[in-house]
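Have the structure open beside you as you read.

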Amino acid sequence: MDARRMKIKICLVGEAAVGKTSLIRRFVLEDFDDKYIQTLGTKVSKKELNVPNVGGEAVKVDMTIWDIMGQKGFRELLKEAYFYGAKGVIAVCDVTRKTTLDDLDDWIEGVYSVTGKIPIQFMANKWDLKDQAELGEEELVQATKAYDSPFFLTSAKTGENVESAFQNLAERIAKDKLGKKEA
Ligand code: G3D
Ligand code: MG
């Protein structure tokens with residue numbers, strides 16, 4: 001039997017230079033099918049994932065990943081278009097700059113105002129620079145607990161935890177979606 005297929009859109013949010021584009025590049029294979037939407041200031045990439053067990057069923061997920069080009073004032077101008085239809089969000093901070101974690105609350109509020117509550121995957125990126133880290137597990141637990149969502153310590157440079165973070169988000173979205181249908 002063919003696996004069930006699911007299409008999901010996810011967005012990355014976070015301050016400039018936290019590593020959003022690098023994380024997507026690391027996750028998505030070289031031969032990816034990408035599109036630049038210059039006027040929107042976004043780039044859309046695609047990746048197929050397998051989620052082996054959603055209530056005993058295998059699911060193939062076609063993930064569409066939206067990246068922002070990162071200009072100031074973006075949030076107000078384009079957030080409707082960027083966040084519209086997103087089923088999950090990856091919230092990225094840079095462990096060497098604590099303010100990038102504090103800023104995620106605003107980003108998430110912006111997402112929720114368009115999508116309602118959706119699963120979040122936090123990525124505390126640049127963990128390869130942990131010697132220079134301004135934040136660690138304690139701050140991350142504190143900042144993320146209100147969202148009932150996990151965080152991973154990632155590095156787009158070494159690849160550490162990058163795939164697991166995207167995969168974890170896909171699994172949570174797939175479970176939510178199928179769970180709701182069957183309920
Ligand atoms: P953004 O898309 O969030 O704005 P980018 O961030 O992906 O453009 O990354 C910003 C800078 O951080 C880039 O450096 C990139 O190489 C670096 N970077 C991204 N992820 C990591 C990481 O995990 N570890 C380290 N050490 N650096 C990272 P440049 O110098 O090209 O601007
Ligand atoms: Mg970028």
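In this predicted model, lysine 20 reaches ligand 1 with its side chain: one of its polar side-chain atoms sits 2.8 Å from a ligand oxygen atom. The backbone takes part too. A backbone N or O atom of alanine 156 lies 2.8 Å from an oxygen atom of ligand 1, and for lysine 157 a backbone N or O atom is found 3.4 Å from a ligand oxygen atom.

Now step back to the whole shell. There are 15 residues around ligand 1, and those that come nearest are Ala17, Lys20, Ser22, Asp128 and Ala156.

Helix H1 spans residues 20-27, and its buried residues are Lys20, Leu23, Ile24 and Phe27. Why do they lie on the same side of H1? Their arc around the axis is only 95 degrees, which puts them there.

For a last stop, look at aspartate 103, in the loop between helix H3 (99-102) and helix H4 (104-115). Is this residue buried or exposed? Aspartate 103 counts as partly exposed, because its relative accessibility is 27%, between the 20% and 50% cut-offs. From aspartate 103 to valine 92 the C-alpha distance is 9.9 Å, with the two residues 11 apart in sequence.

Conventions: Residues are numbered from 1 along each chain as its sequence is written. Chains are lettered from A and ligands numbered from 1 in the order in which they are written. This is a predicted model: local features need pLDDT of at least 70, side-chain atom pairs count only at pLDDT 80 or more; totals for chains, interfaces and linings use all residues. Side-chain values use heavy atoms; hydrogens and water are left out. Buried means under 20% relative accessible area, exposed over 50%, partly exposed in between (1.4 Å probe, protein chains only). Helices (H or I, at least four residues) and strands (E, at least two) are DSSP runs, numbered from the N terminus. The arc is that of the directions from the helix axis to the C-beta atoms. A residue is near a molecule or strand if one of its heavy atoms lies within 4 Å of it. A polar contact is a pair of N or O atoms within 3.5 Å; within protein, one must be able to donate a hydrogen and the other to accept it, and residues adjacent in sequence count only if both atoms are side-chain atoms.
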